[in-house]
Amino acid sequence: MAITEDRPLALEAGAVTKVAARPLGALTRPQSDVGWASWFTTVDHKKIGIMYGVGSLFFFLFGGVEALMIRIQLAAPDGQFLSESLYNQVFTMHGVTMVFLVIMPMAAAFANYLLPLQVGARDVAFPRLNAFSFWCWLAGAIFLNTSWFLGGAPAGGWFAYAPNTSVTFAPGSGMDFYAIGLQIVGIASLVSAINLIVTVLNMRAPGMSLLKMPVLTWMLLVTQFLLLFAVPVITIALFLLTFDRSFGANFFNVEQGGSPLLWQHLFWIFGHPEVYILILPAFGIISEVIPTFSRKPIFGYPFMVGSGIAIGFMGWGVWAHHMFVSGVGEISVAAFSLSTMFIAVPTGVKILNWLATMWGGRLRFNTPMLFACGVIAMFTIGGLSGVTHAVAPSDTQQTDTYYIVAHFHYVIFGGSLLGMFSGFYFWWPKVFGYKLSEKWGKINFWLMLIGFNMTFGPMHVLGLQGMARRHQSYAKEDGFGFWNGIVSAGAFVIAFGTLAFLINIWLSARSAKRNPVEVGPDPWDARSLEWSTASPTPVHNFDVEPTVEFQDDWWHRKWGENEEGKIVRKAYPADIAQDGSATDVHLPSPSYWPLVLSLSLPVIGYSVIYTFWLMIPAGALFLAGFLGWALEPADDPEAAHGHADHGHDDDHDADASADAADEGASVG
Amino acid sequence: MQTLRLMLLTKEPPLADSKLSEATPAEATETVTEHTVEHGTTTGISNNKLLMWAFLGSECLLFGALISTYLLYKERFNDFAANLAPFEQDGRNIGPRFGGEDGEGVFDIPFTSISSFILLGSSLTMVLALSAIRRSEYRSFRIWTLTTAALGSVFIAGQIYEFTEFVEKGLGYSTNIFGSAFFTLTGFHGVHVSIGIVMLLATYIMHKQGRLNSDKAETVEIVGLYWHFVDVVWILIFTIVYLFPQ
Amino acid sequence: MKLHTPQPETTEVESSQATPPRRFVSRRNGLLTVVGLSLLLAGCGDRHLSTMDPESPIAEKLDNFLVWLLLAAGVIFVLVQGAILYMAKQFRVKAPEDESQVYPDEEFPEQIHGNTRLEIGWTILPTVIMAVIAFFTLGLLFELDDVSANEDRQIQEVVVVGQQWWWEFQYHLDDDGIPDIVTANELVLPVGEEIRLRVTSRDVIHSFWIPTLNGKRDAVPGRYSPWTIEAGNAGRFPGECTEFCGFSHAYMEKFAVGLPLDEWQEWAATQQRDAVLPTEGTAEFAGWEVFNNQCASCHVINGLTSHYEDGSIDDFALYSNVGVGDDLADVLNQPPVRYIDKQTQVAGAAPNLTHLQSRSTFAGGIFELYKNPDAERYIDLASEGTLNRGALEAWIVNAPEQKANAWDSPSGQRGMTPFTALSAEDVDNLVEFLTNLEYEGAE
């Protein structure tokens, strides 16, 4: 796959490059883009996307084990498996892990890998910032999980309601890890959001107007905007919490007149858009999968896009439905009850459009399509139960019971996660050059679907029977034993489904190695630009930048209409796809500095928790990373550059003008 | 305008038209390459500038959350302080209303007005610096950049002085919710100004090294965007915190 | 807003029950019962926790509303899932022989890009459905919010104070702002009266919930959140804490106990009596001495632990240490409600034990005090009950072992201290003292 570039080691003479060549006199700029070491210095959006995917799957197993521990504890009345303290840590970390370390980075994996390809770009706008986002996320994720070995993980719930998180009520350092860890992960999300927004808005192939972008691109763009505006709010909330815990501020100190509800408002102003941040990428993915496997264009493209944007906007006006029982006043409750109901409308429009896309199509149920149908079916259930607690009075009976647990798992597992799995199967050949096994894919799908419904279906009943959330155990007389047994069994079925996915990867990779099958650029007869280049994607994405005339432009290159209005083939993918053979493509160069800079953040975190002496190494790392980054040009200046006007600095490859000052602002 | 045009280019052509576009990949290549050279970015705004705009959008929410917190806590604090019995006060009621030399609150409005004015003035010098580098008047660019950074530093010095004064009057960070909210809000803004000063000095150094000239005036423009944003935020904070303390 | 017509039979049942002022009978119609019961299938516990088994008019309104919502949701559910299954059967194509190709070339369905009319239609349709639901929701919301002004109310209001990990109930029987009854974990109510609650907390956020009587309301420190509750029937209705509050979040129960009016009045009269000192030389008196040395720094017994040196009673002591949860404005306006700082916020808040023997549970409602739980005992103090002595003694000796707490937390005690140093005799005497207290004015 690799297009090895012939990059000169010696740099051109001149003031600029003299400064840049050896920024700290110690490290030469990494050159190679192959080999294991290259993964640490890569700025290639595809490699970063793959790393996001691997990272999120790793934490998916982690969060899954936490879920299984919870289910073992609750499988029967009076569970003895986990102590109260450990149980609280496990369910807190399960939530935090699944939201911040699984679904979000998994969506980031698709966003990183696919956004530049779908808009026909060579890379993201700021490749080094992109690498920084990934390392920053990983640093935050590892930082958060080191708390297990440093006196206990956070135990205040992923929602961390004040004042249960204050030093008085959570004296250990768990909540510090929570606050600072999420802060670091938040920086990653924010930087990544800005980067991808600029990429989509600024780096589209010629001819690709906004309304010719694939639906996935649109949904990811909306997601990035939600992140852009939601992350600063949680940033402030987490800062206030850290200031309270570490510097004696009074924000959540009731004794001094602090307000616990302030935390709830800030958290949910972030938290509800966050729900759409989790679900919209999956909506985008299945909006690519369903047309492909129905052999029809997406039904009502402008409405699909419009409803996605509408969800993005309305998502800001519903946060207080998490607070219907907090005592926010009847008028607020009524207003948020109404706004929550009406957000169901654009969601419903989406579901109907997917169904209409499938209607009359020629449906082929390959694994991606199975998962996509699973999303429609399961998300619908989550949406319907969502309406029952948009009804505020009714919600007073449901909130903080297992009914809610059922609801949001139907949305986040049944919607987001199944959608991501659909995406894995769909784009696997594009990323790795071989398809995953259909046989194991189907086993994976059915185990997951059945296990999922066994696990979360009965929770509706348990919730209505009065089983409250976050209880470490329940009594025999409560009568929750029967359904909880089924729920716990279902959790293990999901675990086997996940295992089937891993087995599938292993077997498919092995068989692809033993007898490679050429999957070709476009194995599914798909519609968007990423399928117009070789599989696996060449390092430079496109030999030539594509021009776009139509929405679903790639499909229109393959198919046309004859005089009778019948669809006829114009060309075979293998004949018109780019073969990735170009060798003189100028690409952004790898860099150490994003990694170095991101490593300073957890050290700062430990410093806040333990001792300020750690600020010395943290500061050194930060300065090294920051200065190294600032003084190194985004690219090696290189003769192989495609065009002559080198001085024009708003080149699409994000030239050296991505300088210290600007990038500093977004990381500092 | 170019952005708008591109955004409006959205109408889906009829399917039959696809027959017309039977250009071979090779032909397509040529047109593409030319196209790319013509337009750097789709919107016509450079990536760096768009990055700054997006970042400032995010900053709006950051300061929005901080200012909301401050407003809420100012109200709560006023209730709290008004209801403290004398024996419970113990300095905890120090805030906008009480605690000054004549019991009139901690704020020194004339002092802060002057430092606010200085910060506002720096926006003007920022504009002058940008226009200088655009016209390749490098000497005046250097002067105005340094002046802007200096005015910003004066503002920060004023803030540090003000903070010390407050602490001397008895209002520390942990004293009460007003102290926490006030220092957090103004402190966040101070950190932003300080980062802006670093950015200004960085442009100055880059210019000295010969890496920044009129071709790259946009870098200065981007720093200027940030600087103006921080100034505007201060106008908001000054109004909310100092002019309407009750 | 009528969602269903009441069944005529129910009035019969109502009239046959003469004693309670307004006996509540669930008036579900047939269809709804079927739906409800099928959901409850296989898993109805002995304990009365289900939201689908209402014991008060409010809970029944909520339940009925939900059942209608679920029916409507069920229709949409069937349509969507049906559509998917139908299409999977109808439009499915066989996989082509050649694995490398997804479809044979010529097979294309009609390429439909959309249909604006249809789109507008299915934007309007869910909007209308939602508008209908919204209409009824607002109706229900404001109906529930409107607590009828009942002039003959027995209870002006009850202040509900959540804390780690038990509940305190302060009854205001009159308007003087001073609680008349302070009890723990059991909210004893006259049947058929809508009671106004104000829910607050002394430490972290808890949530007050009796699922068979009404939805929940968070107990937020620093706020009083208004809420209402009504026991439709006599009986004991349990409820869990539903806002995560730390270690023993799962072990923080409370009960609403519905008593017929006359019995409730008797209960209320008893609860207002102070205790008298046991006769010297008895086991009870020895128990009192243990109590005074070990327990009285946290627990209050009205009439015994609250005397000043001159013999007058300290009103403050009645409320242990109400305070942190109070509205700041109320702090100074209502003298008995004191503002207490951090040390007391986390240490010393302990249940008032004056009428422990009249309760059915202890330790945050998780252990039965008597082996034969029975609502009757609320009137006839301990007469019938066989004390659950082993559990009570185990609790006294080592509470943290029975229920996780944070008594030794470096940031302040939360939960009961273990008293492992107490001799078996001391513990015996203490139990005798607590469960055989006599009260002023009793015959």
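# Chains A, B and C: a working chat

Mentor: In this predicted model, helix α15 (residues 438–464) of chain A packs with helix α16 (residues 481–514) of chain A at an angle of about 160 degrees. Their axes are 7 Å apart.

Trainee: Is the crossing left-handed or right-handed?

Mentor: Left-handed, where α15(A) passes α16(A).

Trainee: What classes of residue are in the contact of α15(A) with α16(A)?

Mentor: There are 23 nonpolar and 8 polar residues.

Trainee: Another pair, then. At what angle do α3 and α5 of chain A cross?

Mentor: At roughly 15 degrees. Helix α3 covers residues 45–74 of chain A, and helix α5 covers residues 127–146 of chain A. Their axes come within 10 Å. That angle makes α3(A) roughly parallel to α5(A). The crossing of these two, α3(A) and α5(A), is left-handed.

Trainee: Which residues meet there, in α3(A) and α5(A)?

Mentor: From α3(A), the residues include A:His45, A:Ile48, A:Tyr52 and A:Phe59. From α5(A), they include A:Pro127, A:Asn130, A:Phe134 and A:Leu138. By class, the contact of α3(A) with α5(A) has 9 nonpolar and 3 polar residues, with no charged ones.

Trainee: Step back a bit. How is chain A divided into domains?

Mentor: Domain 1 is 1–44 + 111–258 + 528–595 + 628–668. Domain 2 is 278–465 + 473–517. Their contact takes 22 residues from domain 1 of chain A and 23 residues from domain 2 of chain A.

Trainee: Which element gives the most to the side of domain 1 that touches domain 2 in chain A?

Mentor: That is α7(A), with 9 residues. The elements giving two or more residues to that side are α4 (84–118) and α7 (215–247) of chain A. By class, the side of domain 1 of chain A that touches domain 2 of chain A has 15 nonpolar, 5 polar and 2 charged residues.

Trainee: Now chain C. How many residues do chains A and C give to their contact?

Mentor: Chain A gives 85 residues and chain C gives 91 residues. The chain A side has 45 nonpolar, 27 polar and 13 charged residues where it touches chain C.

Trainee: Let's pick one residue. Where is C:His249?

Mentor: In the loop between β9 (235–239) and β10 (254–259) of chain C.

Trainee: Buried or exposed, this C:His249?

Mentor: Buried, because C:His249 has 28 other C-beta atoms within 10 Å. The cut-off for buried is 20 or more.

Trainee: What does C:His249 touch?

Mentor: Not counting residues up to four places away in sequence, C:His249 touches A:Arg470 and A:His471, plus C:Cys241 and C:Phe244. C:His249 is also 9.4 Å from C:Ala404, C-alpha to C-alpha. Those two, C:His249 and C:Ala404, are 155 residues apart in sequence.

Trainee: And the domains of chain C? What are they?

Mentor: The assignment gives domain 1 (8–145) and domain 2 (156–443). Domain 1 of chain C puts 19 residues into the contact, and domain 2 of chain C puts in 17 residues.

Trainee: Last topic: chain B. How many helices and strands?

Mentor: Chain B has 8 helices and 0 strands. Buried residues make up 40% of its 246 residues. Among contacts in chain B between residues at least 6 apart in sequence, 74% join residues at least 24 apart.

How values were computed. Residues are numbered from 1 along each chain as its sequence is written. Chains are lettered from A and ligands numbered from 1 in the order in which they are written. This is a predicted model: local features need pLDDT of at least 70, side-chain atom pairs count only at pLDDT 80 or more; totals for chains, interfaces and linings use all residues. Two residues are in contact if their C-beta atoms, placed from the backbone, lie within 7 Å. Ala, Val, Leu, Ile, Met, Phe, Trp, Tyr, Cys and Pro count as nonpolar, Asp, Glu, Lys and Arg as charged, and the others, Gly among them, as polar. Axes are lines fitted to C-alpha atoms, for helices over the stretch in contact, and angles run from 0 to 180 degrees between N-to-C directions. Helices (H or I, at least four residues) and strands (E, at least two) are DSSP runs, numbered from the N terminus. Angles under 35 degrees count as roughly parallel, over 145 as roughly antiparallel, 65 to 115 as roughly perpendicular and the rest as oblique. A crossing is left-handed if the near helix is turned anticlockwise from the far one by less than a right angle, and right-handed if clockwise. Domain bounds come from an automatic or database domain assignment. A residue is buried if 20 or more other C-beta atoms lie within 10 Å of its own, exposed if 12 or fewer, and partly exposed in between; C-beta atoms are placed from the backbone.
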